[in-house]
Amino acid sequence: MKFKSFELENGLKVVVHEDKSTKIAVLNVLYDVGSRDEDAEKTGFAHLFEHLMFGGSKNIPLYDEPLQKVGGENNAFTSPDLTNYYISIPSNNLETAFWLESDRMLSLSFDPKVLEVQRKVVIEEFKQRYLNQPYGDAWLKLRPLAYEKHPYRWATIGKEISHIENATMEDVKAFFYKFYVPNNAILVVAGDVDFDEVKKLSEKWFGPISKGAILNRNLPIEPKQEAKRSETIESSVPVNSIYKVYHMPQRLSSEYYHTDLLSDILGGGRSSKLHETLVKKKRYMSSANAYITGSIDPGLLVINGKLNKGISYKQVEQEIDKIIVELQSELISEFELEKIKNLSESSHIFGEMELLNKAYSLAYFTLLGNTNLINEEVDKIRAVTAKQITESAQNVLRPENCSTLYYNAKPA
């Protein structure tokens, strides 16, 4: 993927991808702030801000209205590592997107009524998605089980509702002026755009915004897990479920790709080892999956599935252990390796066909420190060997590196 980039005097990084095959433009603003940057006693702020950013800025009381008038659409999402905002708009109305995004980077309205409305929205989301949905609280339990020191130990929604209930306007302003500054952001403009025009618009709309203080991110390092952990909970859910999580290398580690492919072999689809054994052959489970969290700092490889009635956790774990031992002691076949690489490569390529995905990926890899990583991903996947996958299984899938959540269905 071709791109050009530059940086404004206030530290805003700008990446431009020209694609004349469409009449659409995407303006993507990624802020280098996620739930890992929060105070342990004031969690959920990164996600709260995702909502507050649509509640009016310094000079624009209504964000959605002017965007809709020119045919634009927008959305946002928060993760433990970042917060991302994007606009899709007819390219001839691109400057409207610059106007809107630059004004809310300049300053929000900080209207107390907006804070109250969005506070209620987030609290309701906490209840609906995490407390009142079957298995919704699983990750609220899993994170503090797997992480003891690193702020990945709480979810993006926050540790508890009270942290959002008690958020003050002073807290909100302090968070905004610390993280929502040009030198902590990445702007990507993609689609039917011209590099010189984007540069001119960037300097016009974002150039006058003052840079913020340089952030000194000094997050605690999660100590190596030396003993297996477990927790059992009970709730009104349909069937018993199991979650097994293992610490794995961080995003920029060369071993990240080994572990990523390992998770696909374990539980990435209907032909994976977990599905073949536990769902099709043994019929111990109705579903069995494996995936990675994909976080910037050391993340987790997750094994998760729902047990069939009458099946014990012991039966399931014995079969999982057999599969793990096999992966640790025997090289996978070249056929299996090629199949899993093809699936991973096609997923990557198809994912980059959408303009919105292209814009976000350019922002994300710029955040990682090298925008061109977007063009190196497939080569890194292709370079993984069967021996490296075996070594990854030996290093990651150790019993003492595992935290297990047994999620019991409450008896009727």
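Two residues are in contact when they have heavy atoms within 4.5 Å of each other. In this predicted model, local features need pLDDT of at least 70 and side-chain atom pairs count only at pLDDT 80 or more, while totals for chains, interfaces and linings use all residues. Residues are numbered from 1 along each chain as its sequence is written, and side-chain values use heavy atoms, with hydrogens and water left out.

Start at Ser-392, which sits in helix α15, residues 386–396 (a helix is a DSSP run of H or I with at least four residues, a strand a run of E with at least two, numbered from the N terminus). Ser-392 counts as buried because its relative accessibility is 6%, and buried means under 20% relative accessible area, with a 1.4 Å probe and protein chains only. Leaving out residues up to four places away in sequence, Ser-392 touches His-258, Thr-259, Leu-262 and Leu-397.

Next come the pockets. On a 1 Å grid over the protein atoms alone, a pocket is an open set of points where a 1.4 Å probe fits, with protein on both sides within 12 Å along at least five of seven lines; lining residues have an atom within 4 Å of a point. The largest pocket has a volume of about 1200 Å³, the volume being the space filled by probe spheres set on the points, which are joined across faces, edges and corners. Its lining has 41 residues, and Tyr-256, Thr-293, Gly-294, Ser-295 and Tyr-360 are the closest to the centre. Helix α12 gives the most to this lining, 6 residues.

The second largest pocket holds about 400 Å³ of space. Among its 22 lining residues, Asp-37, Glu-38, Asp-39, Lys-178 and Phe-179 are the closest to its centre. Helix α7, residues 169–179, supplies the largest share of that lining, 5 residues.

Methods:
Buried means under 20% relative accessible area, exposed over 50%, partly exposed in between (1.4 Å probe, protein chains only).
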